[in-house]
Amino acid sequence: MKNMYSVLQGPCLTEKANLQQEMGNKVVFKVHPDANKIEIRKAVESMFKVKVRDVKTVSMPGKQKRVGKHFGRTQDWKKAYVTLAEGEINFVDEL
């Protein structure tokens, strides 16, 4: 359906994601809203050469924003918590 570069849209580099990576060997990615867990697993394993133990996904609703008197919404998006069985992903070296 999708190639691996369109499934993973980028890392989610927040304080909570950094804590998850240090404590629980989990990595958080922003993924395509139509991607399923199997596609996410294959994309991570092939791009970063690691073994994936588990994938959990969360659909995040967009937030309401205002510019002057005009209201709008940001896009809905999806993130994936990927638990690694072996190996490590370091985003500082990748950039």
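**Thr83, strand E6 and the sheet around them**

Mentor: Thr83 lies in strand E6. Strands here are DSSP runs of E with at least two residues and helices are runs of H or I with at least four, numbered from the N terminus. The model is predicted: local features need pLDDT of at least 70 and side-chain atom pairs count only at pLDDT 80 or more, while totals for chains, interfaces and linings use all residues. Residues are numbered from 1 along each chain as its sequence is written, and side-chain values use heavy atoms, with hydrogens and water left out.

Trainee: Why is Thr83 called buried?

Mentor: Its relative accessible area is 10%. Buried means under 20%, exposed over 50% and partly exposed in between, with a 1.4 Å probe and protein chains only, so Thr83 counts as buried. Beyond its neighbours within four places in sequence, Thr83 is in contact (heavy atoms within 4.5 Å) with Gly24, Asn25, Lys26, Val52, Arg53 and Asp54.

Trainee: What makes E6 mostly covered?

Mentor: Seven of the ten residues of E6 are buried.

Trainee: What makes E3 and E6 a pair?

Mentor: Two strands pair if DSSP finds at least two bridges between them. E3 and E6 have nine, in the antiparallel sense, so they meet that condition. Among the bridge partners in E6 are Trp77 for Met60 and Tyr81 for Lys56. E2 is joined to E6 by six bridges, also antiparallel; there Lys30 is the partner of Lys79.

Trainee: Why are E1 and E3 said to stand at the edges?

Mentor: The four strands form an open, antiparallel sheet in the order E1-E2-E6-E3. E1 (8-11) and E3 each have a single partner strand, so one side of each is left without a neighbour in the sheet. The twist averages 30° from one strand to the next.

Trainee: Which strands does H3 touch?

Mentor: H3 packs on the sheet and touches E1, E2, E3 and E6, with its direction at about 130° to that of E3.

Trainee: Which residues have the most contacts inside the largest nonpolar core?

Mentor: That core has 16 residues, and those with the most contacts inside it are Leu8, Phe29, Ile40, Val44, Val82, Leu84 and Ile89. Such a core joins buried Ala, Val, Leu, Ile, Met, Phe, Trp, Tyr and Cys through side-chain atoms within 4.5 Å. E2 (26-31), H3 (37-48), E3 (51-60) and E6 (77-86) each give two or more residues to it. Val44 is in contact with Leu8, Phe29, Lys49, Val50, Val52, Val82 and Ile89, leaving aside neighbours within four places in sequence.

Trainee: What is the phi of Lys49, and where is its place?

Mentor: Lys49 is not a glycine, yet its phi is positive, at about 55°. Most residues other than glycine have a negative phi. Lys49 is in the loop between H3 and E3, and at 70% relative accessible area it is exposed.

Trainee: What makes Lys30 lie over the face of Trp77?

Mentor: The distance from the ring centre is 5.5 Å. The rule asks for NZ of Lys or CZ of Arg within 6 Å of the centre and within 35 degrees of the ring normal, and Lys30 lies over the face.

Notes:
Axes fitted to C-alpha atoms, helices over the stretch in contact; angles between N-to-C directions.
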